[in-house]
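Trainee: I have a structure to go through with you. Can we take it question by question?

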Amino acid sequence: MRNVLITGCSSGIGYCVAKGLRERGYQVFASARKLEDVERLEAEGFKTLQLDLANPESVQDAVYELMLRTNSELYAVFHNGAYGQAGALEDLSRGAMEQQFATNVFGWHQLTTMVLPLLRQRNEGRIIYNSSLLGYVALPFRGAYNASKYAIEGIADTLRLELADTDIKVCLIEPGPIESRFRANALQSLKAHVSIDQSVHRAKYQGAIRRLEKEGSAAPFTLPPEAVLAKVIHALESPNPKARYPVTVPAHLFWVLRRILPTRWLDSILLRISSKENQ
């Protein structure tokens, strides 16, 4: 029974992947930031850890607890816990950007460096990063999240090269639109960190708020989180996993377009998408 640590399991992709891997026989350690989410996961029979990726001491404590409970035997970590800080870059303070990176980048990096010795002692394992379509193309008013996912792409690509002489594989999952609570959390972070009424973009924010408040799918080709689960399973179980796993039609499409189109053409497409979203 292989031990797998998953971050961000309160809902959406993390919760779906935790359930799916447990059903396949993995011993899943499902982590969440809030105590009430940890308690709910425990009530469902999961092995749990309370883990706040923005807090270095919380990351350290969670890994030490994981080591005790697994006899330091770990096969994989699925980095998933993250949130999207919405807002135009000129409206975001340094503090808002630091919070975005603390959770989406720095916490993931600290966790990786702490679990890598566990993987090295067996010279096998998987480090899987849940990146995004927005890790290789940008959209307006998502700059902080874009930057965090671009950073994760660079970290994963570098780590894959640094571990090339081992049997530890590094993979990126790159979803497009997936059913989750992501939009609700993005709306909360927008209102918390952006003075909308004082912004030159206030009219556009009203459209963004309508999109974020919309019930159900807000974008074409949205898939359920099981689409990500299928890619995570392949990344865990294939003897030669892919470096990248795009998920959804937009993720595949823009992976191609960013390589064949001139930057101005791609920018024009992305601006039209953003304009349509915020109508």
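**Contacts, strands and rings**

Mentor: Start with D157: beyond the residues within four places in sequence, D157 is in contact with L172 and R244. Keep in mind that this is a predicted model.

Trainee: Which side chain makes a polar contact with that of D157?

Mentor: D157 is found in helix 5. Its contacts, sequence neighbours within four places aside, are L172 and R244. The polar contact between side chains spans 2.8 Å, and the partner of D157 is R244.

Trainee: Is D157 buried, partly exposed or exposed?

Mentor: Buried means under 20% relative accessible area, and exposed means over 50%. D157 has 22% relative accessibility, so D157 counts as partly exposed.

Trainee: How far apart in space are D157 and K34?

Mentor: In sequence, D157 and K34 are 123 residues apart. In space, C-alpha to C-alpha, the separation is 31 Å.

Trainee: What span does helix 5 reach from its first C-alpha to its last?

Mentor: Helix 5 covers residues 143–162, which is 20 residues. At 1.5 Å a residue, 28 Å is expected. The span in the model is close to that, at 28 Å.

Trainee: Which strands do the buried residues of helix 5 pack against?

Mentor: The buried residues of helix 5 include Y145, I152 and L159. On the helical side, the buried residues pack against helix 4 (94–120) and helix 6 (182–193). The strands they pack against are strand 5 (125–130), strand 6 (168–175) and strand 7 (244–247).

Trainee: R142 is in the loop between strand 5 and helix 5. Is R142 buried or exposed?

Mentor: Leaving aside neighbours within four places in sequence, R142 is in contact with G87, L134, R211 and E277. Its relative accessible area is 14%. The cut-off for buried is under 20%, so R142, at 14%, is buried.

Trainee: Now the strands. How many residues of strand 5 are buried?

Mentor: G125, I127 and Y129 point one way, and R126, I128 and N130 point the other way. Both sets are buried. Strand 5 is therefore largely enclosed by the rest of the structure, with the buried count at six of the six.

Trainee: Which residue of strand 5 is the bridge partner of V77?

Mentor: Strand 4 and strand 5 run parallel, joined by four bridges. H79 stands opposite Y129 in strand 5. For V77, the bridge partner in strand 5 is I127.

Trainee: Which residues of strand 4 are buried on each side?

Mentor: Strand 4 covers residues 76–79, and both of its faces are covered. One side holds A76 and F78; the other holds V77 and H79.

Trainee: Which residue of strand 4 is the bridge partner of V4?

Mentor: Strand 1 (residues 3–6) runs parallel to strand 4. Three bridges join them. In strand 4, the partner of V4 is A76.

Trainee: On to the rings. What is the centre-to-centre distance in the pair of W108 and Y129?

Mentor: The structure holds five aromatic pairs. W108 and Y129 form one that is stacked, with 25° between the planes and a centre-to-centre distance of 6.2 Å. This pair links distant parts of the chain, helix 4 and strand 5, with the two residues 21 apart. W108 is buried at 0% relative accessible area, Y129 at 2%, and the distance asked for is 6.2 Å.

Trainee: Last one. Which backbone nitrogen lies 2.8 Å from a polar atom of the S58 side chain?

Mentor: S58 lies in helix 3 (residues 56–70). S58 is buried, at 16% relative accessible area. Not counting residues up to four places away in sequence, S58 touches Q50, L51 and D52. The backbone nitrogen belongs to D52.

Key. Residues numbered from 1 in each chain as written. Predicted model: local features only at pLDDT ≥ 70, side-chain atom pairs only at ≥ 80, totals over all residues. Heavy atoms only, no water. Expected span 1.5 Å × (residues − 1). Buried < 20%, exposed > 50% of the residue type's maximum accessible area, 1.4 Å probe, protein only. Contact = heavy atoms within 4.5 Å. Polar contact = N/O pair within 3.5 Å; in protein donor to acceptor, adjacent residues only side chain to side chain. Phe/Tyr/Trp six-rings, centres within 6.5 Å; stacked < 30°, edge-to-face > 60°. Pairing = 2+ DSSP bridges.
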